[in-house]
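Reader: Could you walk me through this one, going a step at a time?

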Amino acid sequence: MTQPLNAAMLGTGRIAELRLAPAIAKSRGIRLWSVLSRDPARAADFARRHGARAPEPAHVHLDQLLADPELDAVVVATPDRLHAAQALAAVEAGKHVLVEKPMVTSTEDGRALVDARDRHRVTVAVGYHLRWHAGHRRVERLVRDGALGHLRHLRAQWTWPASDTSNWRAQPAMGRWWSLAGVGTHCLDTIRWLAVPSCGEVVSVESVTSRSVWGGPHDETAVVVMAFESGATAEFCSSVQFGSPSRLEVYGSGGYVVADRTLTIDGEGSIRTHEGELPFKPTDPYLGEVEDFVGAIRDGRPPAVDAAEGLRNVEILESIS
Ligand SMILES: NC(=O)c1ccc[n+]([C@@H]2O[C@H](COP(=O)([O-])OP(=O)(O)OC[C@H]3O[C@@H](n4cnc5c(N)ncnc54)[C@H](OP(=O)(O)O)[C@@H]3O)[C@@H](O)[C@H]2O)c1
């Protein structure tokens with residue numbers, strides 16, 4: 001049997017703890033090897049609890065972690081503004097990278113990462129787990145098979161009520177966008193995944209943002225409207241100003257899909273089409289994401305969301321003011 005890939009986790013926060021490390025533990029193709037934290041005790045504790053296999057798994061310096069010849073890949077799960085430098089350093093050290101969304105916080109950094117990936121011939125995948133939601137995969141197949149006819153309009157909404165501005169997403173030092181980076185980028189990716197293959201690229205973007213509750217530098221609500229080459233349209237709303245049940249809607253010339261509470265981290269929710277309920281068995285979307293990353297490396301094929309697609313998402317986020 002092929003040896004599992006050895007992966008390092010950069011960051012020991014919420015998504016690393018709750019979703020990424022457990023998904024790696026479930027996958028037979030990859031294992032946790034080492035961990036980077038700002039705090040040595042936190043790195044050691046995370047490494048111990050998640051079973052990191054390197055002889056000395058805990059690191060506080062990225063260059064030392066990357067110098068390990070037995071390390072194959074890194075998973076970047078740090079605040080958004082750290083992604084570019086950490087992913088680039090990993091690629092330049094010849095490591096494969098699964099970077100959380102948004103891939104980077106500027107198109108300039110995104111282009112640099114795409115170039116470095118091409119030069120070093122490594123895999124760079126971006127963590128849009130909603131593509132691995134079992135129900136969304138059924139929806140994508142319906143769209144691809146033409147069961148909805150020609151796509152005409154897509155709509156997504158994902159919001160949560162933030163309690164204050166103390167988190168890094170609300171601050172320019174570590175974040176660039178707030179609701180847009182937290183959840184809007186997922187709405188955008190899901191819309192692009194479903195629409196671009198049959199509708200062509202996004203050709204225009206219009207938006208309204210609000211900072212009316214906390215008045216900080218970053219978007220609190222964003223309402224974004226887009227048109228595709230085919231003339232199809234889409235809109236999404238992300239917000240930290242209010243809670244709401246998430247919703248994804250897809251309308252075609254021959255039918256529609258409405259997905260309730262599927263835009264989450266847990267793979268659950270319910271979906272109906274013009275023909276009735278669309279059943280699915282919930283699975284761990286992060287396991288799908290991790291296994292796609294492993295498969296891309298092993299098979300030498302692009303991952304489901306590669307660096308070029310991560311860049312396109314950031315280009316659109318950057319065009320929203
Ligand atoms: N795909 C998804 O479903 C999903 C969901 C949530 C988040 N994310 C993405 O994952 C990334 C991490 O988000 P998160 O929610 O896990 O954030 P988080 O809980 O704040 O964790 C981020 C971790 O990064 C490390 N870090 C390094 N420098 C930092 C700094 N200056 N300030 C704060 N933390 C720093 C920290 O680990 P140490 O303290 O050990 O250094 C921290 O625990 C983000 O890019 C986010 O967009 C994706």
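Author: Before the packing, one term: contact means heavy atoms within 4.5 Å. Helices (H or I, at least four residues) and strands (E, at least two) are DSSP runs, numbered from the N terminus. This is a predicted model, in which local features need pLDDT of at least 70 and side-chain atom pairs count only at pLDDT 80 or more, while totals for chains, interfaces and linings use all residues. Residues are numbered from 1 along each chain as its sequence is written, and side-chain values use heavy atoms, with hydrogens and water left out.

Reader: OK, what do the buried residues of helix 2 pack against?

Author: They pack against strand 1 (5-10), helix 1 (14-26), strand 2 (30-36) and strand 3 (58-59).

Reader: And which residues of helix 2 are buried?

Author: In helix 2 (residues 40-49), Ala-43, Phe-46 and Ala-47 are buried, that is, under 20% relative accessible area, with exposed being over 50% and partly exposed in between (1.4 Å probe, protein chains only). These residues are on the same side of helix 2 because they cover an arc of only 100° around the axis, the arc being that of the directions from the helix axis to the C-beta atoms. On the other side of helix 2, Ala-41 and Arg-48 are exposed.

Reader: Switching topic, how is the chain divided into domains?

Author: The protein chain has domain 1 (5-128) and domain 2 (130-283 + 305-318), with bounds that come from an automatic or database domain assignment. Their centres, taken over C-alpha atoms, are separated by 25 Å. To the contact, domain 1 gives 22 residues and domain 2 gives 28 residues.

Reader: And where does the largest pocket lie?

Author: The largest pocket lies between domain 1 and domain 2, because both give residues to its lining. A pocket is an open set of points on a 1 Å grid over the protein atoms alone, where a 1.4 Å probe fits, with protein on both sides within 12 Å along at least five of seven lines, and lining residues have an atom within 4 Å of a point.

Reader: Which residues lie nearest its centre?

Author: Of the 33 residues that line the largest pocket, Arg-14, Ile-15, Ala-77, Trp-168 and Arg-169 lie nearest its centre. Helix 1, helix 4 (80-92), strand 7 (151-159) and helix 7 (179-199) each supply at least two residues of that lining.
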